[in-house]
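I opened my notebook to get to know a new structure, one stop at a time. Here is what I looked up, in the order I went.

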Amino acid sequence: MLAASGLAKAYGTRQLFADVSLNLAPGRKVALVGGNGAGKTTLLEILAGLIEADAGTVTKPRDTRIGYLPQDLGEISEGTVRQQMTSGAGPLAEMARTLHELEARLGDHGDRHDELVARYGEVQAQFEQLGGYALEAEAAKVLAGLGFSGADADRGVAELSGGWRMRTALARLLVSEPDVLLLDEPTNHLDVDSMAWLERRLAEWPGAVLFVSHDRDFIDAVADRIVELASGAAIAYEGGFAEFVVARTERIQRIEAAAARQAREVARVERFVERFRYKASKARQVQSRVKTLQKLERIQAPSRSDLAARFAFGPPPRSSRVVAELEEASVGYPDGDGPVVSGATLAVERGQTVALVGPNGAGKTTLLKLILGELSPTSGTVRVGGNVRVAAFGQHQADELDGAKRAIEVFSAGIDPGRRNLRTILGAFGFRGDDADRRVEELSGGERTRLVLARLMVEPVNLLVLDEPTNHLDLPSCDILEDALTAYPGTVLLVTHDRHLIRAVADTLIEVRDGRAVWHLGADESVLFPQDPQAPATGAVPDATPPRAGSSADRAERRRAGAQARAATSRLRKRVADLERAWSAADAEVADLHRRLSDPAVYERPEEVHALASAHEEAAERAATLLAQWESALADLEALG
């Protein structure tokens, strides 16, 4: 259906990739992963025919239709959402326009009336045979799946936000049913409901799909193969994300072992050359070995330090125990029809990581502004705690950077370095060496996001507000962000569609839906994986025929089971991290009390000695209990492998 062979692309002296080959057969679902700037978007653009490769070929049958969804739309589309859906229907759209023109001309009672009637009948029959009259119903189904309401179909596309225009473009592609779908970060502007729907849609897609994504759950639900762009090459792995992680680790270990063996052999040959370089009797052997070394192609093992950026937070100042509290609070906008969220009662406490989830447009951002005190409630009360220092990451901050400035200039603006080397800190976020001097306009979307996060995290705060922080990040950077948030001792309010990240770091969910804000302890899977409204309800009589092995239903069931297993592992990892942090704090308290009891001067105050001794005993018991719980949780985690 679509095949590429020997593709290469460079910009100036920077080689993105070389000798990349892949084959997209009907029904094949391929996830394209790799670090920011590895060339994933460039490869999609080459396959879509938008740019030329420096070398290699792309071949496809003449009648193959390719649909491409870029990360960013170049211009605002015209017409209504409904018109965009129709225009994406290919030959059916042309037939629909022809029918409309013929209907208008049939009103004229000219000499060609009978001819027009015959022509109209022919086109109408063909239109009906090709399923044209089901087009509007299909478009409505796709729009609903991607979160549009019924009234949205007649809205002008130019009126929509960037995220909703991207959804419109995605819906148009799906309705047009191309033979090959090329999708660049299709989940960036979706909520959990729309993502669950899109997963099901793509898993059953009859054509080929090649997509870029950082979302592990989405990759696992859709992909049957993963292609990684790394070190200028493309490496293919069969299976979903879990299989990819295992196979990739094993591959790197094999390369490292081969590189180590080669290094030992090279060292042995070099010792021989050095020892016998000036002996005439060994001249021929020495020259032979020197030529062998010169021709040797050295094995380069992937540098593990390059596989991920490293994010870290400074120790935050202490806030009050209750960071924000809402009691029967409602909020809306003066020009709105009513409250966006009604009767919200919740309390965000110090140290919690709270994820806000729900459909786009349900009011997550509005509720966030209410919690932070940026909006006043229309009824009820909102209280923000004392000494709360906020740092916020917005979805579009990366797009607002000054393109002419260098990365180090953006990062260091307004920061008192003190004794810190800002270049070293920026290097920890993946901008090492000359990368710190690259201009913002030269950075990929993911690199810009990392730069904004670096600037946000360099100064200590006690409340992090992160709105879709993983958009455009590569998978390794998502991993490190997850680790940093797990270890972060402050409070986090997180809006994200990345369900893996939610499960890994959040101890609480706020589900914003239908004007209500519902508090869920833990990462409730039923909230993260909304059930397909068209799927049979739980408990329905199953089909007598079991799903065919390897079918989409079978794969979906296995992937759902895998997702649940990973969810359990993520929760256990978080419990291990929480217990370790709590034990460390308790152990530090024991050490501090022991130090104070060791001061001879304190024994001049018997009452204080008694209080310190009691506190020391309680802290020691608490530390021992937490240590035992941590060891037990760690053993459970290691048992899961």
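**A helix pair to begin with**

I started at D592, which is partly exposed, with a relative accessible area of 29%. I kept in mind that this is a predicted model. The partner I found for D592 is R596, and the two form a salt bridge with their closest N and O atoms 3.9 Å apart. Both residues sit in helix α18 (residues 552-597), 4 residues apart, or about one turn of the helix. R596 counts as partly exposed too, at 34% relative accessibility. I then noted a network: salt bridges with shared partners join E199, D215, D217, R499, R503 and E525.

R406 is partly exposed at 25% relative accessibility, and D437 is partly exposed with a relative accessible area of 30%.

I also checked D435, which forms a salt bridge with R438 at 3.9 Å between the closest N and O atoms. Is R438 buried or exposed? I found R438 buried, with a relative accessible area of 15%, while D435 is partly exposed at 30%.

**A buried charge without a salt bridge**

Next I went to D184, in strand β6 (residues 180-184). D184 is buried yet has no salt bridge. Leaving out residues up to four places away in sequence, D184 touches T41, L44, Y68, L69, P70, Q71 and V212.

**A sheet with a helix across it**

I then traced an open sheet of 3 strands, in the order β11-β10-β13, with antiparallel pairing. β11 (341-349) and β13 (379-384) are at the edges with a single partner strand each, so one side of each has no neighbour in the sheet. On average, neighbouring strands here are turned by 10° against each other, direction ignored. Strand β10 (residues 322-331) pairs with β13 over 5 bridges, and I picked out A324, whose bridge partner in β13 is V384.

Which helix lies across β10, β11 and β13? I saw that α11 (residues 364-371) does, running at about 125° to β10. This helix is largely enclosed by the rest of the structure, because 6 of its 8 residues are buried. They are K364, T366, L367, L368, L370 and I371. After α11 comes G373, which has a positive phi near 80°.

**A hairpin to finish**

My last stop was strand β8 (residues 225-230) and strand β9 (residues 233-238), an antiparallel pair joined over 6 bridges. E228 has I235 as its bridge partner in β9. The hairpin has 2 residues between the strands, and I noted that S231 takes a positive phi near 55° there.

Conventions: Residues are numbered from 1 along each chain as its sequence is written. This is a predicted model: local features need pLDDT of at least 70, side-chain atom pairs count only at pLDDT 80 or more; totals for chains, interfaces and linings use all residues. Side-chain values use heavy atoms; hydrogens and water are left out. Two strands pair if DSSP finds at least two bridges between them. Axes are lines fitted to C-alpha atoms, for helices over the stretch in contact, and angles run from 0 to 180 degrees between N-to-C directions. Contact means heavy atoms within 4.5 Å. Buried means under 20% relative accessible area, exposed over 50%, partly exposed in between (1.4 Å probe, protein chains only). Lys and Arg count as positive and Asp and Glu as negative; His and the chain ends are not counted. A salt bridge is a side-chain nitrogen of Lys or Arg within 4 Å of a carboxyl oxygen of Asp or Glu.
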